[in-house]
Amino acid sequence: MTYPISTIDGMTSFAAAKFKAAGIRTTEALLEAAKTAKGRKALAAKTNFTEQQLLEWANIADCMRVPGMGKARAELLRASGVTTVREL
């Protein structure tokens with residue numbers, strides 16, 4: 001399932017606007033753009049976010065893809081220390 005980029009936990013409206021200016025409007029588009037280190041580096045150059053911050057947001061977006069997870073449960077997992085789907 002894909003969500004608007006602005007629904008990611010910790011994503012400010014300023015950050016969402018920067019992503020939209022770079023052509024990233026959904027969580028799926030973020031995952032596609034940030035799936036490799038090279039992709040994160042290119043996206044970091046476009047948005048001026050750090051590669052680490054991009055990876056964090058991509059991990060949250062990845063958790064949100066799990067059926068039945070959604071934004072609320074992804075936030076709970078993150079708060080409990082689970083940062084990637086692999087850690088589930």
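Helix H4 gives the most to the lining of the largest pocket, with four residues. The model is predicted.

**The largest pocket**
- Its volume is about 250 Å³.
- Leu31, Lys35, Ala58, Asp62 and Arg65 are the closest to the pocket's centre, out of 14 lining residues.
- H2 and H4 each supply at least two residues of the lining.
- By type, the lining has seven charged, five nonpolar and two polar residues.

**Helix H4**
- H4 covers residues 51-64, 14 residues in total.
- From first C-alpha to last, H4 reaches 20 Å, close to the 20 Å expected at 1.5 Å a residue.
- The buried residues of H4 are Leu54, Trp57, Ala58, Asn59, Ile60, Ala61, Cys63 and Met64.
- These buried residues pack against four helices: H1 (13-21), H2 (27-33), H3 (37-47) and H5 (70-79).

**Salt bridges**
- The structure holds three salt bridges.
- Arg65 pairs with Glu28, with the closest N and O atoms 4.0 Å apart.
- That pair links distant parts of the chain, 37 residues apart: Arg65 sits in the loop between H4 and H5, and Glu28 in helix H2.
- Arg65 is partly exposed, at 38% relative accessible area, and Glu28 is partly exposed at 36%.
- Arg65 also forms a salt bridge with Asp62, at 2.7 Å from N to O.
- Glu32 forms a salt bridge with Lys35, the closest N and O atoms being 3.1 Å apart.
- Both Glu32 and Lys35 are exposed.

Notes:
Residues are numbered from 1 along each chain as its sequence is written. This is a predicted model: local features need pLDDT of at least 70, side-chain atom pairs count only at pLDDT 80 or more; totals for chains, interfaces and linings use all residues. Side-chain values use heavy atoms; hydrogens and water are left out. The expected span of a helix is 1.5 Å times one less than its number of residues. Buried means under 20% relative accessible area, exposed over 50%, partly exposed in between (1.4 Å probe, protein chains only). Contact means heavy atoms within 4.5 Å. On a 1 Å grid over the protein atoms alone, a cavity is a set of points where a 1.4 Å probe fits but cannot get out, and a pocket is an open set with protein on both sides within 12 Å along at least five of seven lines; lining residues have an atom within 4 Å of a point. Grid points are joined across faces, edges and corners, and a volume is the space filled by probe spheres set on the points. Ala, Val, Leu, Ile, Met, Phe, Trp, Tyr, Cys and Pro count as nonpolar, Asp, Glu, Lys and Arg as charged, and the others, Gly among them, as polar. A salt bridge is a side-chain nitrogen of Lys or Arg within 4 Å of a carboxyl oxygen of Asp or Glu.
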